[in-house]
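Visitor: Please take me through one part of this model in close detail. I would like to hear about the aromatic side chains and how they pair.

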Amino acid sequence: MSLRRLAASSRSQVPPFAVMDILARVDALRAEGRDVVSLCAGEPSAGAPGAVSARAAEIHASGRPLTYTPALGTAELRAAIAGHYRRWYGLDVDPGQVAVTTGSSGAFMLSFLAAFEAGDRVALARPGYPAYRNILAALGCEVVEVDAGPETRYQPTPAMLDAAASERGPLAGVVLASPANPTGTMVSRAELAALTDWCAANGARLVSDEIYHGITYAGADPADPADPADPADPVDPVDSVDSVTGDEHSTRGVCAWELDREAIVISSFSKYWGMTGWRLGWMLVPKELVSAVDALAGNVALCPPAPSQLAAVEAFTPDSYTQADAWVAGYAQTRQTLLDALPALGWGPAAPADGAFYLYAELGAQLERFGDSREYCRALLEAEGVALVPGTDFDAVHGGRAVRLSFAAGQVAVESAIERILRFQRA
């Protein structure tokens, strides 16, 4: 009898994020005394709102035991999240359909496990966040990448989904991100309605990644593909007032549940509220999936982090919203600085960055000098101490032509990076 060879499973063979290797090199260069400007991570530099941090300090100073919570989160936080949907979108959400998760990453794992069988085909746009395809692949799903370019603002369309289903077979699901990583582009209400209608007509589950809601910019109109990517004022959060309740509705992004309660909505405290390390996200769960998500959550993680949940209730106070909106205004200014610098940089087409805090751009003439974006990023980091992410993390087909810059690092860091990049390209 031959023994089974002990090795990593085939399902674990997903590509690592190139950004993690770059960040490791950034740390090494800084340890050597180098001054490095990192525009890699999609991580707000300010941290959590003051009210959240103050509440966390009180919780830890109190000495109260931080025990397990219910698998889907504390009742208080689930109710607060439901209130957020009334406040921003005019939606009535049953707190029982809110699942608090260990970051949005935990929400993706739980949603994919609950909604899809091994072997199911799930479509997503390319370029896109690599964890979607990697988690789906590790779970045994068949990832169907839809090649989405500037002509559709890097977003999928029903026609693209029709073509994908015709070529690969029926789709069980569609993953949509608006605003998207790495492009920052958004779909309009009409475009989202067309996608939800397609999913309903074809028996596919929509998974809507809305973690960048709240970080949106005026002048980059997702309803008009020809609209230029300027100016950079943040969107006025008030769009209309509910005639019954008097609550103000939001223009911070269209929630998929405004159109289809069969969709899974995923969001997070990491981006708008700047709470990346708190590892806290959530999902709005269709009724037929609640018990499955509850059971899975209890088995996979028992519960989300208790102290993070207790403090995160303060994210929904007026002061916290005001503080986060001030950060969005800062992102808007930094975004405009980058857009204004594009002619001098001499790069190729750039995504309009309707929202989030990324600029995704092709390198244009620089490709003739460096061959691809990985070599460009490597050389730039070593020569000038500027860290960018090559597009290969987000698009294995065309990503060698593009880079992603995160302007969450702030105005000073971006201005310094632009100066260094221009010097590097002149050398």
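**Aromatic pairs in context**

Guide: Start with the whole chain, which is a predicted model. Among contacts between residues at least 6 apart in sequence, 74% join residues at least 24 apart. The chain holds 13 helices and 14 strands. Its C-alpha trace spans about 60 × 60 × 50 Å along the principal axes. A compact globule of 427 residues would have a radius of gyration near 22 Å; the chain has 21 Å, which agrees. Of these 427 residues, 53% count as buried. The accessible surface comes to about 17500 Å². Carbon and sulfur atoms own 53% of that surface.

Now the rings. A search of the whole structure gives 29 aromatic pairs. Take Trp273 and Phe316. Their ring centres lie 5.4 Å apart and their planes meet at 75°, so this pair is edge-to-face. The cut-off for that class is over 60 degrees. Where do Trp273 and Phe316 lie in the chain? Trp273 sits in the loop between strand 9 (264-268) and strand 10 (281-284). Phe316 sits in the loop between helix 9 (306-312) and helix 10 (318-345). The pair therefore ties together parts that are 43 residues apart in sequence. Both Trp273 and Phe316 are buried.

A second pair is formed by Phe370 and Tyr376. Here the centres are 5.4 Å apart and the planes stand at 90°, so this pair too is edge-to-face. Phe370 has 15% relative accessibility and therefore counts as buried. Tyr376 has 0%, so Tyr376 counts as buried. The limit for buried is under 20%.

Go back to Trp273 and Phe316, for they belong to a cluster linked by ring pairs.

Val290 is found in helix 8 (residues 290-300). Leaving aside neighbours within four places in sequence, Val290 is in contact with Gly96, Gln97 and Val285. Gly355 is 65 residues from Val290 along the chain, and their C-alpha atoms are separated by 30 Å.

Last, the charges. The chain carries 32 positive and 51 negative side chains. The centres of the two sets lie 7 Å apart.

Terms used: Residues are numbered from 1 along each chain as its sequence is written. This is a predicted model: local features need pLDDT of at least 70, side-chain atom pairs count only at pLDDT 80 or more; totals for chains, interfaces and linings use all residues. Side-chain values use heavy atoms; hydrogens and water are left out. Helices (H or I, at least four residues) and strands (E, at least two) are DSSP runs, numbered from the N terminus. The radius of gyration is taken over C-alpha atoms; the globule rule is 2.2 Å times the number of residues to the power 0.38. Buried means under 20% relative accessible area, exposed over 50%, partly exposed in between (1.4 Å probe, protein chains only). Contact means heavy atoms within 4.5 Å. Accessible areas come from the Shrake-Rupley method with a 1.4 Å probe; for residues, only the protein chains shown count as cover. Lys and Arg count as positive and Asp and Glu as negative; His and the chain ends are not counted. The place of a charge is taken as NZ of Lys, CZ of Arg, CG of Asp or CD of Glu. Rings of Phe, Tyr and Trp (its six-membered ring) pair if their centres lie within 6.5 Å; planes under 30 degrees apart count as stacked, over 60 as edge-to-face and the rest as tilted.
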